[in-house]
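This briefing goes through selected local features of one chain, grouped by topic. Please view the structure alongside the text.

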Amino acid sequence: MQPPLLMVPQQNAPEAVAPAPAYYAPAPAPASATVELGDLGRILLRRRFLILAVTALLTALTLVYTMLTPALYSSTAQIIVDPEDLQVVTNDVNPSRISPDGGITQVESQVSVAQSNGVLLRAIKAENLTEDPEFNGQGVLGRWMGMLFGDSDTDRTATTLDSLRRVLAVKRDDKVLVLNIIITAKSAQKASDIANAIATAYLADQADARKEKAAKASEAITARLDEQRKRVEQAENAVEAYRLQHNMVMAQGNLVSDQELTGLNAELTAAQARTQQLKAQVDQLRRQGSAPDATSEATRSSTISSLRAQEAALVDQIAQLGTGLGPRHPSMIAAQQQLRDLRVLIQRELGRIVTAAETDYERSLANQQALQAKVAALKSKSLDTDQASVRLRELQRDLDAVRTVYANYLQRAQETREQTNVDSTNARIISEAMPALKKSWPPKGLLVFGAVFGGLALGIGMALIAEYLSPTVLSANQMQTAIEAPVLGVLPGRGRRRSGGVAQKTDAVAGLALQRIAAATRRPPDWPLVPSILVASPPEDKAQRSRVAWQLANAAAARGRRVLFIDINAGKGQKDPQPGVLDVLRGEYPLDAVSRYAPGSSVALIGRGRPAAVFQEAQALYFAHRMLAEANHSFELVVIDGGALADDLNVLPLVAMADEILLVARLNATPMRDVASTSEAVSVMGRLPTGAMLVDEAA
């Protein structure tokens with residue numbers, strides 16, 4: 001319910017002052033600063049000068065930077081690194097193993113190697129960079145600091161190394177085993193020379209590292225050779241001492257007794273075979289008895305063969321002599337005697353063959369028996385040395401093992417010693433760095449392009465931050481949320497050039513606002529006061545407020561209604577203003593005496609009047625009620641330009657009696673805090689805004 005208005009004194013108020021027919025709610029909450037997505041464009045448009053200024057400033061600074069910054073040039077040297085090293089020897093100290101990822105991890109580790117202190121110090125020494133002012137920090141300021149605090153070679157080397165790291169970049173291209181060594185310097189030739197020096201230093205460092213590894217391995221193996229040699233000597237001495245202790249003579253890796261036993265076994269076997277053969281021969285001769293000449297020995301004997309041939313010749317000769325001479329012939333008798341003597345010789349020779357066979361058999365049997373005796377003796381001796389041979393074989397195995405280890409160490413020492421002179425690194429420079437034809441920094445076009453877009457982004461961010469810190473009216477929804485009252489319309493702004501279509505749109509918006517007000521009014525049918533609309537705004541929206549109020553009055557007049565327009569600001573500040581609404585509120589003038597019609601208009605005007613005397617609040621409420629009651633006889637609508645309510649308490653009686661209180665604000669211009677202040681001023685005066693009108697200057 002509306003709070004009761006103060007009553008005027010009875011001598012000045014013959015009847016009670018009735019309140020305006022409106023419903024009131026609690027004081028509105030402060031204006032919301034929430035920004036909707038559709039309001040971003042309005043924010044950026046309104047703060048476009050901030051965005052453009054930030055963009056222009058950042059672009060200008062970028063241009064100055066590009067003009068003042070010394071040009072830098074970049075050169076690249078490329079090295080291909082094969083994870084599978086050269087196989088120079090079979091047992092390489094640096095074994096070549098490719099990781100499951102194809103060697104990518106191994107090559108990635110070489111990126112760090114190429115940037116290591118060892119490689120960079122080689123390149124610094126090769127290019128004498130410690131004497132280069134661009135890297136050794138010996139500029140003008142550096143020379144002065146060196147003179148004051150001293151300058152050592154160590155400090156200069158460390159400074160040069162740090163400076164070189166800042167301009168060095170080592171990268172590996174995707175899916176390839178190529179290292180890119182990139183150097184950036186003030187001189188294109190210097191950049192290419194340093195890049196090539198680093199690439200060469202990397203290869204030399206890899207070769208030296210492998211040589212050093214091989215040399216250390218060779219030294220370690222050589223140091224172990226003496227120990228292995230001593231172990232071999234100890235094992236050999238142990239074997240020889242054991243043999244000497246047990247009288248175990250070795251020949252060709254075996255015991256002499258074992259070799260002798262083996263030889264005797266072979267001889268015994270041969271002798272047994274010989275004896276068996278001779279025995280069979282003797283047995284055959286003995287079985288022949290009287291005819292030993294039928295044996296194979298007799299057949300093979302050359303003497304028997306010769307005698308048999310002579311015998312055959314004599315038999316043939318006797319046969320011839322017997323035919324021609326007769327049996328008693330001397331030649332016949334001599335031939336027969338020769339045949340008998342020859343046959344005696346044959347028998348004697350056959351006897352000698354039998355005797356020789358028996359003799360050979362006896363000799364072979366004796367030899368066999370002798371060999372059997374020797375074998376039996378050696379076997380007995382061998383049984384005695386078997387237990388000793390077990391320990392000897394164990395010592396021999398130990399000796400063979402240490403000999404094998406010693407031989408391996410000796411061979412490995414020779415191999416590693418040779419590897420110190422062989423570079424097995426499978427890496428090479430595939431592209432030497434060339435002096436760059438174009439500078440790599442500063443990229444003027446790219447920087448300006450980035451500055452423009454970066455400035456736009458920064459400007460937009462600053463615009464949004466500024467809007468967050470000082471929000472403005474961005475939309476009708478935001479205004480409605482802030483004052484908890486509907487926005488009746490949005491009027492286009494008043495630019496320098498406006499067409500008739502814009503004027504028609506303004507009239508249409510004002511007319512529609514009046515219709516909405518009329519449709520929402522809750523005045524009783526017999527209410528004695530004329531319908532009234534009070535228009536208020538923050539102080540900075542004075543022009544828009546006056547335009548809206550006047551537009552509403554003209555729109556009502558254009559529709560045939562009699563309108564009274566009260567301008568609380570007209571004549572304000574004049575030395576001798578004409579009587580106006582303040583005079584009426586003090587009861588000094590009637591309404592008819594201060595109203596006048598504007599030239600060429602059907603709207604009656606009342607100005608502010610003379611603020612000579614201060615009227616009492618209750619008295620002013622009474623006369624405001626009476627003024628609107630009098631206006632009800634001559635007018636159908638009263639439009640009041642209430643000004644900035646927070647700055648003018650003289651408007652309080654009009655606020656209390658007005659049917660509608662409209663707040664005016666500019667889209668994208670009026671701060672929300674001013675809207676909140678105006679709405680709070682209305683609530684302090686005992687009322688709430690019933691609606692709002694917005695002005696879009698960009699429309």
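Asparagine 128 sits in the loop that links helix 4 (117-127) to helix 5 (133-136). The model is predicted. The points below start with backbone geometry in loops and then turn to helices and the surface.

- Asparagine 128 is not a glycine, yet its phi is positive, at about 55°.
- Asparagine 668 is another residue other than glycine with a positive phi, near 65°.
- The loop holding asparagine 668 runs between strand 13 (660-666) and helix 21.
- Asparagine 668 has a relative accessibility of 9% and therefore counts as buried, the cut-off being under 20%.

**A cis peptide bond**
- Tryptophan 441 and proline 442 are joined by a cis peptide bond, with omega near 0°.
- Proline 442 belongs to the loop between strand 6 (427-431) and helix 13 (444-469).

**Helix 11**
- Helix 11 covers residues 302-324, which is 23 residues.
- The buried residues in helix 11 include Ile304, Leu307, Glu311, Leu314, Ile318 and Leu321.
- An α-helix has 3.6 residues a turn, so residues three or four places apart point the same way.

**Helix 21 and serine 683**
- Serine 683 is part of helix 21, which spans residues 672-684.
- Its relative accessible area is 19%, so serine 683 is buried, given that buried means under 20%.
- A polar atom of the serine 683 side chain lies 2.6 Å from the backbone oxygen of glutamate 680.

- Leu63, Val64, Met67 and Leu68 make up a nonpolar patch on the surface.
- Together these four residues have about 400 Å² of accessible area.
- Methionine 67, one of the patch residues, is located in helix 2 (residues 48-68).
- Methionine 67 is exposed because its relative accessibility is 61%, and exposed means over 50%.

Key. Residues numbered from 1 in each chain as written. Predicted model: local features only at pLDDT ≥ 70, side-chain atom pairs only at ≥ 80, totals over all residues. Heavy atoms only, no water. Patch = residues over 30% accessible without salt bridge, like charges linked within 9 Å, V, L, I, M, F, W, Y side chains within 5 Å. Areas by Shrake-Rupley, 256 points an atom, 1.4 Å probe, with all protein chains shown as cover. Salt bridge = Lys/Arg side-chain N within 4 Å of Asp/Glu carboxyl O. Helix = DSSP H or I, 4+ residues; strand = E, 2+ residues; numbered from the N terminus. Buried < 20%, exposed > 50% of the residue type's maximum accessible area, 1.4 Å probe, protein only. Expected span 1.5 Å × (residues − 1). Polar contact = N/O pair within 3.5 Å; in protein donor to acceptor, adjacent residues only side chain to side chain.
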